[in-house]
Amino acid sequence: MATDHAAVQVAPRVARRARMGLGSLAAVVVVGFFVLWTLAPLYWMLATSFKDALEASRPSPTVWPAHATAQNYVELVTGNIPFPLFLLNSIVTSVGAALATTVLATLAAYSFSRGRYLVRGPLMYVVLATQMLPLAVLLIPLYLLFLRVGLLDTYQGIILGYCSFTLPFGAWMMKGFMDAVPREIEDAARVDGASPTVVLLRIVTPMVLPGLLTTATFTFMNTWNNLLFPLTFTTTMERRTLPAGLLLSFSGVFKTDWGGMMAASVVTTLPLAIGFLFLQRALVRGLTAGGITGG
């Protein structure tokens with residue numbers, strides 16, 4: 001009887017462990033599927049970048065290049081396509097937009113967080129409402145404006161165009177970090193005779209450093225991959241950024257250089273991948289802090 005009673009108690013435990021094992025296996029399978037689904041395009045891009053022009057354009061593609069070659073990467077530097085110039089333009093415009101957005105978003109967020117003026121609430125919602133508009137809506141008005149003031153085909157025009165959609169997002173993100181700063185610290189600084197500018201620069205800004213880093217990084221990533229704005233606001237190859245320059249350089253009416261385009265895409269993706277690996281902890285910490293404390 002004792003043996004039967006022990007067996008009755010053990011059976012539910014075994015069944016429970018079996019269910020947990022099946023659940024863990026199912027979770028591994030699902031996660032593995034989504035990992036493969038995510039990495040498959042990256043693998044295909046890398047594999048195609050090592051194929052020659054004939055193999056890359058075959059109707060029946062190969063999983064891995066039959067005769068791997070680095071010629072596509074060599075031609076990025078030695079070929080007729082000004083890839084280094086495209087890379088420089090992307091760096092200048094993306095870094096410029098990140099810096100401008102971070103500075104202006106910090107000022108706007110401080111105003112939204114600490115200001116007590118009449119139109120503060122409506123202005124905040126107007127800024128938020130601009131995020132509901134597709135980027136294509138801004139192209140024609142900005143193009144006509146830049147045409148009149150002579151900002152087409154310039155770094156300044158591209159950077160201002162980027163700021164038109166990165167600044168509202170940055171302002172709302174930074175407001176969450178500003179709201180987390182205790183007002184008592186600012187009050188103590190004012191009692192000691194600090195001006196509002198000194199309070200913002202020396203007291204508040206160092207305390208929202210994770211927010212500054214998060215805002216700058218997200219702005220850089222969004223502008224680095226943007227195609228519509230540099231394609232619309234530039235008229236010469238000397239001002240094209242990587243997305244616009246690669247599209248116009250490798251795509252033709254009768255032929256597309258897939259190998260060269262994929263090699264350029266690999267080089268273009270590397271800065272974002274490397275930067276994200278180094279900054280991912282700070283980004284997660286910054287997003288978490290802004291999401292929890294923002295109000």
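## Reading helix packing and cores

Tutor: Let's begin with a contact: Leu 138, Leu 142 and Phe 146 in α6 meet Gly 157, Leu 160, Gly 161 and Ser 164 in α7. Contact here means heavy atoms within 4.5 Å, and helices are DSSP runs (H or I, at least four residues) numbered from the N terminus. The model is predicted, so local features need pLDDT of at least 70 and side-chain atom pairs count only at pLDDT 80 or more, while totals for chains, interfaces and linings use all residues. Residues are numbered from 1 along each chain as its sequence is written, and side-chain values use heavy atoms, with hydrogens and water left out.

Student: At what angle do α4 and α7 pack?

Tutor: Axes are lines fitted to C-alpha atoms, for helices over the stretch in contact, and angles run from 0 to 180 degrees between N-to-C directions. For α4 (residues 83-114) and α7 (residues 155-180) the angle is about 40°, with the axes 6 Å apart. Angles under 35 degrees count as roughly parallel, over 145 as roughly antiparallel, 65 to 115 as roughly perpendicular and the rest as oblique. The pair α4 and α7 is therefore oblique. Their contact divides into 18 nonpolar, eight polar and three charged residues.

Student: Which residues touch the most other members of the largest nonpolar core?

Tutor: In soluble globular proteins, nonpolar side chains tend to be buried together. A nonpolar core is a set of buried Ala, Val, Leu, Ile, Met, Phe, Trp, Tyr and Cys residues joined through side-chain atoms within 4.5 Å. Buried means under 20% relative accessible area, exposed over 50%, and partly exposed in between (1.4 Å probe, protein chains only). Here the largest core has 17 residues, and Leu 76, Phe 83, Phe 250 and Ala 264 touch the most other members. Helix α13 gives the most to this core, with six residues.

Student: What does Phe 83 contact, leaving aside its neighbours within four places in sequence?

Tutor: Phe 83 is in contact with Leu 76, Leu 242, Leu 246, Ala 264, Val 267 and Thr 268.

Student: Where does Pro 271 lie?

Tutor: Pro 271 is in helix α13, partly exposed with a relative accessible area of 34%.

Definitions and conventions: Helices (H or I, at least four residues) and strands (E, at least two) are DSSP runs, numbered from the N terminus. Ala, Val, Leu, Ile, Met, Phe, Trp, Tyr, Cys and Pro count as nonpolar, Asp, Glu, Lys and Arg as charged, and the others, Gly among them, as polar.
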